[in-house]
Amino acid sequence: NPKPRVFRLIKDLAVINRYGFNSVGLEACERNLKAREAQRAVQPGVVGVNLGKNKTTPEADAGVDYSRGAMKLCEYADYIVVNVSSPNTP
């Protein structure tokens with residue numbers, strides 16, 4: 001996505017995020033969140049997980065991607081967002 005990818009709408013008290021779904025995969029994400037969990041006592045904060053289907057997953061099978069991601073990562077997240085409609089993921 002073109003820059004700027006993140007910017008504020010001060011008047012609306014909002015933030016626009018156009019980072020996209022760049023990811024090295026579910027297993028790597030789980031490893032990163034597990035490592036983050038070990039630091040939570042000294043670095044508290046809210047952890048969110050943003051799920052989207054894989055680009056190569058057929059629409060009919062998208063639920064499998066969402067479910068697998070949520071089940072694998074829910075223990076590390078304070079909240080989970082499921083992006084069922086992303087303009088950048090056909």
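Author: A rule for helix length comes first: the expected span of a helix is 1.5 Å times one less than its number of residues. The model discussed here is predicted.

Reader: What span should the 14 residues of helix α1 have, and how far apart are its end C-alpha atoms?

Author: Helix α1 covers residues 26–39, and at 1.5 Å a residue it should span 20 Å.

Reader: Which residues of α1 are buried, and what do they pack against?

Author: L26, A28, E30 and L33 are the buried residues of α1. To be called buried, a residue must have under 20% relative accessible area. These residues pack against β3 (48–52) and α2 (62–73). Across the protein, 21% of the 90 residues count as buried.

Reader: Why is E27 called partly exposed?

Author: E27 is located in helix α1. Its relative accessibility is 36%. Partly exposed lies between under 20% for buried and over 50% for exposed, so E27 counts as partly exposed at 36%.

Reader: Which residues is E27 in contact with, leaving aside its neighbours within four places in sequence?

Author: E27 is in contact with R68 and K72. The test for a contact is heavy atoms within 4.5 Å. For A60, the C-alpha to C-alpha distance from E27 is 23 Å, and the two are 33 residues apart in sequence.

Reader: How many disulfides does the structure hold, and why is there no bond at the sulfur of C29?

Author: The structure holds zero disulfides. A disulfide needs a pair of cysteine sulfur atoms within 2.5 Å. The closest cysteine sulfur to that of C29 is in C74, 12 Å away, so it is too far for a bond.

Reader: What makes L13 count as exposed?

Author: The cut-off for exposed is over 50% relative accessible area. L13 has 82% relative accessibility, so it counts as exposed. L13 belongs to the loop between β1 (6–9) and β2 (14–17). Its phi is near 55°, a positive value in a residue other than glycine.

Reader: Why is V84 called exposed, and where is V84 found?

Author: With a relative accessible area of 58%, V84 is exposed, because exposed means over 50%. V84 is found in the segment after β4 (79–83). Between V84 and R18, which are 66 residues apart along the chain, the C-alpha separation is 16 Å.

Reader: What share of the contacts with a separation of 6 or more comes from residues 24 or more positions apart?

Author: Such residues account for 52% of those contacts in the protein.

Reader: How many side chains are positive and how many negative?

Author: There are 13 positive and 9 negative side chains in the protein, and the centres of the two sets lie 9 Å apart.

Terms used. Residues numbered from 1 in each chain as written. Predicted model: local features only at pLDDT ≥ 70, side-chain atom pairs only at ≥ 80, totals over all residues. Heavy atoms only, no water. Buried < 20%, exposed > 50% of the residue type's maximum accessible area, 1.4 Å probe, protein only. Lys, Arg positive; Asp, Glu negative; His and termini not counted. Charge placed at Lys NZ, Arg CZ, Asp CG, Glu CD. Helix = DSSP H or I, 4+ residues; strand = E, 2+ residues; numbered from the N terminus.
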